[in-house]
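Q: Can you take me through some labels used for this protein, one at a time?

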Amino acid sequence: MIQIRDSLRELINAEKTNGDESQMEILRGQLNRQYDAFAKRYGHLNSQTNRSLMRDDPEHSLLESLEMDYDKGVSREVAKKQGRAARPASARKAAIFRQRVLKPAQVAEQAETVKDALVIALRETGKVDFSRMDRLLRRPADAIQKELQEQGLIFLNPANEQWEIRDKYLTGNVRDKLYKAREAAERDGRY
């Protein structure tokens, strides 16, 4: 299962970075061979036994997503007791086994407004990144910072000296944040 997970991750990364189509076909073939060999020997990834083996892996749900419409089947013994027909476990392979499922990320070259630049920076880096916004807007970072502050889109968290978007800053223990912001403003002579 670890080999399947690693091959899947490699294929996903190739798809996201607009990798060479022939390389992706090689990776897709490798993933198919590994999955088929595993399923033949150990059963489906979504079987109770296999799921319990990978439950501690943070990407176990990624592995489980490789099988669509999983049916655990009905054993002969259970079928006989219930008066039903026995059937083997079954599942269909997900689309990634056959085709590209991810489009490569488009890198923005410019932004129209500071809010657009903020959204792009958050999407790409996960944080308020003034250097990225500077490249998008072709304006000095301090001017961008000032405009975002004036619009109430970002705040400096005095607890960690990091810039945060409004939604993040105004959640959690806001009383403590207010207290720390007042302390910081008093130290700086702004309050």
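Predicted model: local features only at pLDDT ≥ 70, side-chain atom pairs only at ≥ 80, totals over all residues.

Q: Why is Tyr169 called buried?
A: Its relative accessible area is 9%, and the limit for buried is under 20%, so Tyr169 counts as buried.

Q: And what makes Phe155 partly exposed?
A: Phe155 has 27% relative accessibility, so it counts as partly exposed.

Q: Why is the pair of Phe155 and Tyr169 called stacked?
A: Rings of Phe, Tyr and Trp (its six-membered ring) pair if their centres lie within 6.5 Å; planes under 30 degrees apart count as stacked, over 60 as edge-to-face and the rest as tilted. Here the centres are 5.1 Å apart and the planes are at 15°, so Phe155 and Tyr169 are stacked.

Q: Why is the pair of Phe130 and Trp163 edge-to-face?
A: Their ring centres are 5.9 Å apart and the planes sit at 90°, so that pair is edge-to-face. Phe130 and Trp163 are both buried.

Q: How do you know that Lys93 lies over the face of Phe97?
A: The rule asks for NZ of Lys or CZ of Arg within 6 Å of the ring centre and within 35 degrees of the ring normal. Lys93 lies over the face of Phe97 at 5.1 Å from the ring centre.

Note on methods. Residues numbered from 1 in each chain as written. Heavy atoms only, no water. Buried < 20%, exposed > 50% of the residue type's maximum accessible area, 1.4 Å probe, protein only.
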